[in-house]
Number of protein chains: 2
Amino acid sequence: MTRNRFWRLDRHPEGNTDFSRFLSLCEEAPAPLDEGEVRIAAKWLSMDAGTRMWMSPRTDGYQPPLPLGAKMVGLVLGRISETRDAAFPVGTLVRGFGQWAEQAVVVPALAGLEAVDETVADPRQHFGALGMNAWTAYVGVKDVAAVKPGEWLAVSAAAGATGSLACQVGRNLGAKVVGIAGGAEKCRWLREELGVDMAIDYRSENVEARLAMCEGGIGAFFDNVGGPILDAVLPNMAHYGRVAICGMVAGYDNDASMPGPARFDQILMRRLRVEGFFIPDFLERGAEFAPVLREWLDEGKLMVRFDETQGIENVLVAYERMLTGKNIGKVVVRVG
Amino acid sequence: MTRNRFWRLDRHPEGNTDFSRFLSLCEEAPAPLDEGEVRIAAKWLSMDAGTRMWMSPRTDGYQPPLPLGAKMVGLVLGRISETRDAAFPVGTLVRGFGQWAEQAVVVPALAGLEAVDETVADPRQHFGALGMNAWTAYVGVKDVAAVKPGEWLAVSAAAGATGSLACQVGRNLGAKVVGIAGGAEKCRWLREELGVDMAIDYRSENVEARLAMCEGGIGAFFDNVGGPILDAVLPNMAHYGRVAICGMVAGYDNDASMPGPARFDQILMRRLRVEGFFIPDFLERGAEFAPVLREWLDEGKLMVRFDETQGIENVLVAYERMLTGKNIGKVVVRVG
């Protein structure tokens, strides 16, 4: 069997750059499978901000820390190359939590492994319109932020994978959408390709002042970021507005680095509901989301732009692009 | 007709003390009633933290500011002494939003004026177990914080009017209750008279460390305070816990003075729901709350300790006692 290259977590990272100081690319002779395990020949790896938590030593996060010396964990799309689980025969196209490796070894039930639909033209859509980012967007916009037709939905990190899908879920559910993103190119893409009603470039525009132009206020806010963007949105929320807290990119590293929103008082003044959510809590509802997302994809109502990097040796480059917001759309790495 | 003494708002207060610099006691010859108005001979005035907002120039609060030179507004309990509304005959015992005055003049519909039950032994209970504080406690604990039997409910400002009722509502609904209050006497009262399961003196104890002893975490938090107490509670919340934001005493004055909770990230990490609420939004549900509260009162399950001050000239003393937490229980002023 060919040797397996994988990324190993050597030290806990600080910040969202220079990951090569903390992880290293290793190579091993694959070990034989244990009963119940499968081996996956990875085709693509998904780069997700949520996995940053696994690298952290924080024990109070939503994921326990990964032990130092372990293979880094992440979502994998590939084909079963060897199996000791009869439910997953060799050749099956699968998606689940594996490793940043050319060959992932998992116990299907523990990895949330699923056989995915081979009829989807671009298999990367299993990381896109049909993947975890889309499930997150759907649950966050529809259930947690409980958007209503005709009201304004604001989305931060709107040009990212989850954000761009959240914009489209909101639009598909009848909301007016304002996307907040960094840079003119992202804003142009949001307006011209995704058709948002308003795009705000937080690098060059006054977010709070522009949001004040959303008539009736922001009914629902899908927040991937926290920090100053949240500060700008809260005083522009409509009374009884809902804020879905999906991510706090700035805060994964250090439990003390991230102060709460300066305008926290608005939660009382405007009687807001602010709720954190985490898609693994909703995985069992997949049968409910998947058909809706598939229909929207087939109808051209969920566009995903892929930001693809080639080669497992370039995973850290892609990961840093995603965490620092240099990407537009969904960041994936082609490894097979 | 006898002259009417009332408190006039001369300037916007700063802080929660020295109100005599900002309000003055005035006297007037009562004006004739307009059509639809009633005059109330006040017996008691209710001292409520929420009225602090009316004194502020903030236009983004949950209440618009009261114009300078106006009579200060607050809850009044008294008898109709003159009427131009046939639904409120002279002699009716009523409660509603009137003025800090010996004689309040209101339009019943605008004042939320209600005739109250004469058979309640202590009429002050219309400001106590049957009043706005009790409605707030009931809605906040049962609906917003959605407390479940057997889980821990934490309450801040637990020895105050709303807090002490929130503790009892939680206990009556089957929760274990931890009350957080300032000072040994308040904590003794919470334990010995109200029967809370745990009382924490935030002045002399480490709130975060003591809350960590609540097995299973805090399922529901009824917060009257914000600030450092909220910081101590958030990392002790159970996953999927609910925080009902009822008040932020520290933040009524200055929209920039109150930073958000230092542990805001816990909203994501623990998937918490944080929701602001404001009892005037729920007044129409009074018919649902009132019978439950009356039954609990009659069964001895809602105890209210009154902190009563005599005389309209002493309103500011009582108000400051309440805002600075020197009271135990419900602060009222006897004016008639």
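A salt bridge here is a side-chain nitrogen of Lys or Arg within 4 Å of a carboxyl oxygen of Asp or Glu. Keep that in mind for the close-ups below, which come from a predicted model.

**View 1. Arg271(A) and Asp281(B) join up across the two chains.** The side chains of these two residues form a salt bridge, with 2.8 Å from N to O. Between chain B and chain A, the count comes to 2 salt bridges.

**View 2. Chain B meets chain A.** Let's look at the whole contact between them. On the chain B side, 35 residues take part, and they touch 35 residues of chain A. Putting the two chains together buries about 2900 Å². Carbon and sulfur atoms give 62% of that area.

**View 3. Lys71(A) reaches Glu28(A) inside chain A.** Back to salt bridges: a search of the whole structure turns up 51 of them over all chains. One is made by the side chains of Lys71(A) and Glu28(A), at 3.2 Å from N to O. Lys71(A) sits in the loop between helix 1 (52–55) and strand 4 (73–83) of chain A, while Glu28(A) belongs to strand 2 (residues 23–28), so this pair ties together parts that are 43 residues apart in sequence.

**View 4. Helix 3 and helix 4 of chain A cross each other.** How do we describe a pair like this? Two packed helices are described by the angle between their axes and by the distance between those axes. For helix 3 (residues 132–144) and helix 4 (residues 161–172) of chain A, the axes come within 8 Å and cross at roughly 45°. Which residues of helix 3 of chain A meet helix 4 of chain A? They are Asn133(A), Ala134(A), Thr136(A), Ala137(A), Tyr138(A) and Val141(A).

**View 5. Helix 3 and helix 4 of chain B cross each other.** Now over to chain B. Here the axes of helix 3 (residues 132–144) and helix 4 (residues 161–172) come within 8 Å, crossing at roughly 45°. That makes helix 3 of chain B oblique to helix 4 of chain B. The crossing of this chain B pair is right-handed. From helix 4 of chain B, the residues that meet helix 3 of chain B are Ala161(B), Thr162(B), Leu165(B), Ala166(B), Val169(B) and Gly170(B). Across both sides of this contact in chain B, 8 residues are nonpolar, 4 are polar and none is charged.

Definitions and conventions. Residues are numbered from 1 along each chain as its sequence is written. Chains are lettered from A and ligands numbered from 1 in the order in which they are written. This is a predicted model: local features need pLDDT of at least 70, side-chain atom pairs count only at pLDDT 80 or more; totals for chains, interfaces and linings use all residues. Side-chain values use heavy atoms; hydrogens and water are left out. Axes are lines fitted to C-alpha atoms, for helices over the stretch in contact, and angles run from 0 to 180 degrees between N-to-C directions. Helices (H or I, at least four residues) and strands (E, at least two) are DSSP runs, numbered from the N terminus. Angles under 35 degrees count as roughly parallel, over 145 as roughly antiparallel, 65 to 115 as roughly perpendicular and the rest as oblique. A crossing is left-handed if the near helix is turned anticlockwise from the far one by less than a right angle, and right-handed if clockwise. Contact means heavy atoms within 4.5 Å. Ala, Val, Leu, Ile, Met, Phe, Trp, Tyr, Cys and Pro count as nonpolar, Asp, Glu, Lys and Arg as charged, and the others, Gly among them, as polar. Buried area is the accessible area (1.4 Å probe) that two parts lose on being put together, summed over both.
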